[in-house]
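Here is a brisk report on one protein chain.

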Amino acid sequence: MFEIIGLFFIFFIVFIDSANAIEMTPMVITFDPSDTSRMPFTLIYNELSRDIAFDIQVYDIVFNGTDIKLMPLSDPPLWVFPPSLFLKSGQSQRVQFRWLEKELPPIDKSYQVSFMEYPVNNDVLDNRSKLNVLLDVNLIVHVDQPDLTPIFLISNYRVKDGSLFAEVKNIGKGSSRLSDYDIRVMHDNDLVSHVFKSQLKAQGYDVFFAPDSKQTIKIPLPESIYDVDLATLKIEMAD
């Protein structure tokens, strides 16, 4: 089939157990900043047996090849409302997002929104030796502009153990997902391997390509071309 090497996971959610958790739906939000007719949102549920309070911090996600950095923003262009949360046990809250700046970003941007728990009054324990664990819950917001398009540069081909490896870098200004494309391996202009976008989605290979990000992909090859000249192989991505 098809694999992605070295997947990254920026966002996470902390579960206490299957019956008690902080849950967000959805945890990844994508919206067009020029579309003011809709207000993207997530729902956060407090399924814990206690009340909980969160401060909210927005981070700019900076992609540089396979490197990812989170840069905290004191005055983010992404508006998050409400700016803090207090949820009683069993309560839910809608959190909304909007682009604040008059100017749109020159490239598609991604942000991590972190909900960082802080103690509330009911956290005072009679048993002082009991450990309190404060939770962090993160979600990702992608600011996606339809006029900006990705451009994929595919390089560093190599064959190992019957598979073709290659690095795919997005050098365009727009973001995309790998499952938006059919993947074809060509040998001297002959099709030797074809992975359909429907297969990628079915297998969960919905990898996000931000501008300047890079991933290594692995595609199995027919045994008949294990030892061919790498110069005769090419990967094509068709939407």
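## Strand E12 and its partners

Strands E11 and E12 run antiparallel and are joined by eight bridges. Met-116 stands opposite Asp-136 in E12. Two strands count as paired if DSSP finds at least two bridges between them. On the other type of pairing, E12 and strand E4 (residues 28-31) pair in the parallel sense, over four bridges. Val-28 stands opposite Ile-140 in E12.

Is strand E12 (residues 136-143) mostly covered or mostly uncovered? Mostly covered: of its eight residues, seven are buried. Buried means under 20% relative accessible area, exposed means over 50%, and partly exposed lies in between (1.4 Å probe, protein chains only). In a regular strand, side chains alternate between the two faces of the sheet.

## Model and basis

This is a predicted model: local features need pLDDT of at least 70, side-chain atom pairs count only at pLDDT 80 or more, and totals for chains, interfaces and linings use all residues. Residues are numbered from 1 along each chain as its sequence is written, and side-chain values use heavy atoms, with hydrogens and water left out.

## The chain as a whole

The secondary structure comes to one helix and 20 strands. Helices (H or I, at least four residues) and strands (E, at least two) are DSSP runs, numbered from the N terminus. The chain has 239 residues, and buried residues make up 42% of them.

Take the contacts between residues at least 6 apart in sequence: 72% join residues at least 24 apart. A contact means heavy atoms within 4.5 Å. The chain exposes about 13200 Å², and carbon and sulfur atoms supply 49% of that. These areas come from the Shrake-Rupley method with a 1.4 Å probe; for residues, only the protein chains shown count as cover.

## Aromatic pairs

How many aromatic pairs does the structure hold? It holds five. One of them is Phe-54 with Phe-115, edge-to-face, 6.2 Å centre to centre and 90° between the planes. Phe-54 lies in strand E6 (residues 52-64) and Phe-115 in strand E11 (residues 109-118), so the pair ties together parts that are 61 residues apart in sequence. Phe-54 counts as buried, at 0% relative accessibility. Phe-115 is also buried, at 0%. Rings of Phe, Tyr and Trp (its six-membered ring) pair if their centres lie within 6.5 Å; planes under 30 degrees apart count as stacked, over 60 as edge-to-face and the rest as tilted.

Phe-152 and Tyr-181 form an aromatic pair that is edge-to-face, with 5.2 Å centre to centre and 90° between the planes. This pair links distant parts of the chain, 29 residues apart. Phe-152 is in strand E13 (residues 152-160), while Tyr-181 is in the loop between strand E15 (176-177) and strand E16 (182-187). Phe-152 and Tyr-181 are buried. Together with Phe-209, Phe-152 and Tyr-181 form one aromatic cluster.

## Charges over rings

The charged end of Arg-94 sits over the ring of Phe-41, 3.7 Å from its centre. The charged end of Arg-98 sits over the ring of Trp-79, 4.6 Å from its centre. The criterion has two parts: NZ of Lys or CZ of Arg is within 6 Å of the ring centre and within 35 degrees of the ring normal.

## Backbone exceptions

Most residues other than glycine have a negative phi, and most peptide bonds are trans. The bond from Thr-25 to Pro-26 is cis, with omega near -5°. Pro-26 is in the loop between strand E3 (20-25) and E4. The bond from Phe-81 to Pro-82 is cis as well, with omega near 0°. Pro-82 is in the loop between strand E8 (78-81) and strand E9 (84-87).

Asp-161 is not a glycine, yet it has a positive phi of about 50°. It lies in the loop between E13 and strand E14 (163-170). At 74% relative accessibility, Asp-161 is exposed. Asp-188 has a positive phi of about 50° too. Asp-188 lies in the loop between E16 and strand E17 (190-195). At 47% relative accessibility, Asp-188 is partly exposed.

## Confidence

The mean pLDDT of the chain is 84, and 84% of its residues reach 70 or more. pLDDT is the predictor's confidence in each residue, from 0 to 100. Over residues 4-19 it stays under 50, and the model has 46 contacts beyond four places in sequence for them. Over residues 124-129 the pLDDT is below 50, and this stretch has two contacts beyond near neighbours in sequence. Where pLDDT is low, the predicted coordinates should not be read in detail.
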